[in-house]
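Hi,

Here's the structure I said I'd pass along.

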Amino acid sequence: MKEKIHAIMDNPLARLFLIFLIALVSMSILVPSTFLTVANFRSMSVQLPELGFLSIAAAMVLISGGIDLSVTGTAIFAGITSALILKKCGGSEAALGIVIVAIACALAIGVLCGALNAILVTKLQIAPMLATLGTMNLFTGLGIVLSEGSAIAGFPKTFQKIGNGSVFGIPVPLILFVLAISFMAFLLNRTKYGFNLYMYGTNPTASFYSRVNNTKVVFVTYILSGVISSIAGIIIVSRINTAKADYGSSYGLQALLVAVLGGISPSGGSGKALGLLLSIVTLQVISSGFNLLHVNSFIKDLTWGALLVIIMLWNQKRNGKKE
């Protein structure tokens, strides 16, 4: 029995599935009248993609052996940019063409933010943690300046459908997230880029001597992270029909927690999309349960931080034993 328990705990996916079951059963027992309802599960399916996109962005960079602390800053900057364009060009009466332009500009912001992070890391040789910590504050600050610190509200229904619409009863954000996580799995498992990303994350020196263009790998990874983060910003703004510089800022720690919980190694070179997906669902179940239990936001932050430390310590211990 003891050997079976150790086998489960050594398998990231099995361990994560066990945590998911414990969280699901616990919340079902603690708040059965509100947790096990169609309304709650629909609410989770709408909220999950926002954290999901940011977690994918953070995970891609972690696999490369780096870290991107600016995912929420990028989302905020991109979301506010799209909101300003819509507000200046018709507000709630803006035409479909304006909506497309606003979305395109937000995605362009994601590309620029990712490229800036890549330049700081590759060309200026700044440590990824320090580089993205700086750009996180830069992007968030730009969002505050653009919005003048106030909320921007009133967008056309075509834009709001991105965060609130549904197709055959399935929320549009959930559909977009499924497409994104599937794209991530395809990139990692079926493309040359995915192979090079794992190789670079495992050993940059070895990948260099294997004729992998390390600089290109880092650039593509950070740009992907920026674009995916900007999509999260668009979804957040369209869902609540308001853009403000502090919206989504709480997702930063959770995105890293999801990635590490999902088996993405902070030292790089390992991690799968399936583990990330299961981790996102697990954390959403816990978060939804906390909300229904009216748990203080400070307690939630404490819980996320403690859980992140525990997972890293556990992974470090198991990796040490394997070595």
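Leaving out residues up to four places away in sequence, Ile235 touches Glu50, Phe53, Ile162, Gly163, Pro173 and Leu176. Keep in mind that this is a predicted model. Ile235 sits in helix α12, which covers residues 214-240. Is Ile235 buried or exposed? Its relative accessible area comes out at 0%, so Ile235 counts as buried, the cut-off being under 20%. For a sense of distance, take Ala115: that residue and Ile235 are 120 residues apart in sequence, and their C-alpha atoms are 22 Å apart in space.

I also went looking for cavities. Rolling a probe the size of a water molecule over the atoms shows where empty space is left. Searching the whole structure at 30 Å³ or more turned up 1 cavity, and the volume of the largest cavity is about 70 Å³.

Which residues line the largest cavity? The lining is made up of Ala75, Ile76, Gly79, Ile80, Gly233, Ile236, Val237, Ala243, Lys244 and Tyr247. Two elements, α5 (71-88) and α12, each give two or more residues to that lining. The largest share comes from α5, with 4 residues. Sorted by class, the lining has 7 nonpolar, 2 polar and 1 charged residues.

Cheers

Methods:
Residues numbered from 1 in each chain as written. Predicted model: local features only at pLDDT ≥ 70, side-chain atom pairs only at ≥ 80, totals over all residues. Heavy atoms only, no water. Buried < 20%, exposed > 50% of the residue type's maximum accessible area, 1.4 Å probe, protein only. Contact = heavy atoms within 4.5 Å. 1 Å grid on protein atoms, 1.4 Å probe; cavity = no way out; pocket = protein on both sides within 12 Å on 5 of 7 lines; lining within 4 Å. Points joined across faces, edges and corners; volume = space filled by probe spheres on them. Nonpolar A, V, L, I, M, F, W, Y, C, P; charged D, E, K, R; others polar.
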